[in-house]
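Dear colleague,

I am passing on to you the structure we spoke about, with the sequence alongside. Please look it over first, and then read the notes that follow.

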Amino acid sequence: MSNMNSMFIILQILENGYCRIFDKIDTNKDGRLIPDEVRVALVFLELNDQLPECVVSNFMKYFDKDRSNGISLNEFEEGLRKWCKDAKLKKGLHERGYVVS
């Protein structure tokens, strides 16, 4: 995902709130994001229907902390906060001349 797409997503989340974004992704309205819902959301965000399965798998691993094969609203919020914090840290290190992957 490009930095521009990432920044757009962050702005959208901040504007609409975690709950609204979560509700849009949770199409079966069971209060959990399952891999199929995550896949659809990521395909939409990437505007590409050739999304590698490893992207969905890595997303699930990052967010689904209790390994229930579903992401709760709490896990979603915590994951996004962690991702934003990690992105800020990497940006800060990069600005100081460190190579960050």
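**Contacts around E53 and R39**

The side chains of E53 and R39 are joined by a polar contact of 2.9 Å. Please keep in mind while reading that this is a predicted model, and that the distances here are computed from it. The C-alpha atoms of these two residues, E53 and R39, are separated by 8.3 Å, although the residues stand 14 positions apart along the chain.

The E53 and R39 side chains also meet in a salt bridge, with 2.9 Å from N to O. That pair links distant parts of the chain, since E53 belongs to helix α3 and R39 to helix α2.

Taken together, D36, R39 and E53 are linked in a network of salt bridges.

**The other salt bridge**

How many salt bridges does a search of the whole structure find? The search finds 3, and besides the pairs already described there is one between the side chains of R81 and E77, at 3.9 Å from N to O. R81 and E77 both lie in helix α4 (residues 73-95), where they are 4 residues apart, about one turn of the helix. R81 counts as partly exposed, because its relative accessibility is 46%.

**Helix α3 and the chain as a whole**

In helix α3, which spans residues 53-63, the buried residues are V56, M60 and F63. Seen down the axis of α3, these buried residues fall within an arc of 80°, so they line one face of the helix.

The chain holds 4 helices and 2 strands, and read along the sequence they follow the pattern α-β-α-α-β-α. Of its 101 residues, 28% count as buried. Among the contacts in the chain with a separation of 6 or more, 42% are between residues 24 or more positions apart. The accessible surface of the chain comes to about 7,300 Å², and carbon and sulfur atoms account for 59% of that surface.

Methods: Residues numbered from 1 in each chain as written. Predicted model: local features only at pLDDT ≥ 70, side-chain atom pairs only at ≥ 80, totals over all residues. Heavy atoms only, no water. Buried < 20%, exposed > 50% of the residue type's maximum accessible area, 1.4 Å probe, protein only. Arc of directions from axis to C-beta. Contact = heavy atoms within 4.5 Å. Areas by Shrake-Rupley, 256 points an atom, 1.4 Å probe, with all protein chains shown as cover. Polar contact = N/O pair within 3.5 Å; in protein donor to acceptor, adjacent residues only side chain to side chain. Salt bridge = Lys/Arg side-chain N within 4 Å of Asp/Glu carboxyl O.
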